[in-house]
Each structure stands twice: as C-alpha cells, then as structure tokens.
Amino acid sequence: MKQIEIKNLSYEYKSFDENENRIYTKAINSINLDIEKGEFVVILGHNGSGKSTLAKLLNAQIFPTKGDIYINSMNTKDEDKLWQIRKSCSMVFQNPDNQIVATTVEEDVAFGPENLQIQNPKLRERVDNAIELVEMSGFKKKAPSELSGGQKQRVAIAGVVAMLSDLIVFDEPTAMLDPSGRKQIVKLVKKLNKELGKTIIYITHYMEEAVDADRIIVMNDGQIAMQGTPREVFGKVKEMKELSLSVPQVTELAYELQKEGIEIKKVPLTIQELMEEI
C-alpha cells in the first residue's frame, strides 16, 4: 500500500538580490517517488541537495511549486486536510530544543495529543505508553533542560509517538549527539519501524545509520540521483564519491581490497560480513 506518492514535484525558494530583483532557487526538481506503508527509507545527499526541503514538503510545512504530494491519499495542497496530514506525518528535527515546548517531560509529550483534543484517560495512557517506549519513564517530572541531548531527542520522539502518527520523518536526528546518543536514537527508530510498523523517512549524514534501511534514496541538486537497497547503493563506491558522499567504512575497505586484487563477491555492510568474505 502506497503511503506517500510524489508526482512531478518541484520546489523553488524565492529571495531578492541587492537590487530587489526576485531570485528563484530550485531546491527540488521534478521528482517522482512512492513509499510503501511500513517502509524504512533513508535519504542521503550533501548539503543543499534538497533533503530537508523534501522533509518539509512531506510534513506540509511548505507546499509544492509544481507537482503534488499525497500522504495517505491526501494532497498536501488541500487546506482542508492539513491538520489530518500533519497528524499522520509527524517530524523530528535535528535540534530537539526546537520542538520541546513544556516545562516537564510528560507535559511536553502530552502537548501534541492535547492539541488533537484527546481527553483523559486516553491522553494519560498515550503519554505513559510513549514515554515507556522511549525508555524515559523515570524522567516524567524532569524539566527538559535537565536532560542530555540524546534524552531530549527521545522525548521529542515520544511526542510524535503519542500522536499515533503512522509516518515519521526524521531530519538528521542524531547530528547533534555523541556516538552513544546516536546509537540510542537509531535503535529506537528501528524499533518504531520493525515492532510498531511505523513508516520511517530518515535523513542522515552518517552512512552507518543507513545500512538497515529497506531502501536508500540519494539526492543531488534537487533530483534523485540513485536509489536501491543499502547493498546496491553502497556497492557503487565510485558513483557515491562522485556525488561527494562516502559509504560505510567497512564497505570502503572492501572496495580498496578489491582494487588490490582480493576477491569479494558480496558487498559487506558490517565487519562480520567482511570477515566472512575474506
């Protein structure tokens, strides 16, 4: 079942030069893309490739210049459907401080469902379940300012879980975290996908975070430059480098070994896979 349908999508940012002449900068250029319900899709691309613009379009923060986006068959241009679209498609930002609004953890997690007019006892149940899911039950009464970056990000994720969104867009959620915090968030994202069946759109600069995706989409200059399974995409080391992107370290090591004449039949994505190959 298609949960997202993108048809001939383009988006232009408008600005003005020093002479007040209008300038149009195309951030998304005529892309077509379908995403299935329950799919875990990672979007890669260098800065300015259009990743974050696409995320905002999916969440109906901005609207297509041309073309259409359908979320659960609802067109994001349909003003009457905006509230329902944003309920269905939630977003987790790079900086959790940008979406934490309350003075305690449980109040912040309740903010979204309260705006959906969910009343107790359902509201209490949603909040408790979401906080437990992200393993923050011992912090309900804590102020967000007392939390680490990784803990704040888990609270932000609990907030969208409490809204019962079935599609979650993550825009570089681990960019401001240390390695330990990144691992915790990636583990939680996988849990949302595999155990709860959430559709995940995950934007990242960390290639190792993409190896367990169902599909990787590589963007360049507002277009889809490449897509496929992690093994298919990361197996194209030369092409990725030409797009100013890297691949997981273990995959690059295998690539260098192959250039030295060592036969490796299957593109490795983990150290264990590389060990089995050699």
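**Architecture of the predicted model**

A60 is placed in the loop that connects α1 and β4. In this predicted model, the residue has a phi near 60 degrees, a positive value in a residue other than glycine. The relative accessible area of A60 is 0%, and the residue is therefore classed as buried. Helix α1, which comprises residues 51-58, precedes A60 in the chain. This helix is itself mostly covered, with six of its eight residues buried. The buried positions of α1 are K51, T53, L54, A55, L57 and L58.

At the level of the whole chain, 10 helices and 10 strands are present. The C-alpha trace spans about 65 × 50 × 40 Å along its principal axes. Of the 278 residues, 49% count as buried. Among contacts with a separation of 6 or more, 63% are accounted for by residues 24 or more positions apart. The accessible surface of the protein chain comes to about 14100 Å², and carbon and sulfur atoms contribute 46% of this area. The chain carries 36 positive and 42 negative charges, whose mean positions are 3 Å apart.

Strands of a sheet pair through backbone hydrogen bonds, in either the parallel or the antiparallel sense.

Strand β1 covers residues 2-16 and strand β2 residues 22-36, and the two pair in the antiparallel sense over 11 bridges. F16 of β1 stands opposite R22 in β2. Together, β1 and β2 form a hairpin with five residues between them. Within the turn of this hairpin, E20 has a positive phi of about 65 degrees. β1 also pairs with strand β4 (residues 66-71), again in the antiparallel sense, over five bridges. In this pairing, Y70 in β4 is the bridge partner of E5. The sheet continues from β4 to β5 through two bridges, and these strands run antiparallel. I71 has M74 in β5 as its bridge partner.

Strand β6 (residues 89-92) is joined to β7 by four bridges, and the two strands run parallel. In this pair, V92 stands opposite F170 in β7. β7 also pairs with strand β8 (residues 199-203), in the parallel sense and over five bridges. The bridge partner of L167 in β8 is T199.

β7 is mostly covered, and five of its five residues are buried. In a regular strand the side chains alternate between the two faces of the sheet. In β7, L167, V169 and D171 point one way, whereas I168 and F170 point the other way, and all are buried. Residues on both sides of β7 are thus covered, including the charged type represented by D171.

L164 lies in the loop between α5 (149-162) and β7 (167-171). The phi of L164 is near 60 degrees, a positive value in a residue other than glycine. A cis peptide bond links N120 to P121, with omega near 10 degrees. P121 lies in the loop between α3 (105-115) and α4 (122-133).

Technical notes
Residues are numbered from 1 along each chain as its sequence is written. This is a predicted model: local features need pLDDT of at least 70, side-chain atom pairs count only at pLDDT 80 or more; totals for chains, interfaces and linings use all residues. Side-chain values use heavy atoms; hydrogens and water are left out. Two strands pair if DSSP finds at least two bridges between them. Buried means under 20% relative accessible area, exposed over 50%, partly exposed in between (1.4 Å probe, protein chains only). Contact means heavy atoms within 4.5 Å. Accessible areas come from the Shrake-Rupley method with a 1.4 Å probe; for residues, only the protein chains shown count as cover. The place of a charge is taken as NZ of Lys, CZ of Arg, CG of Asp or CD of Glu.
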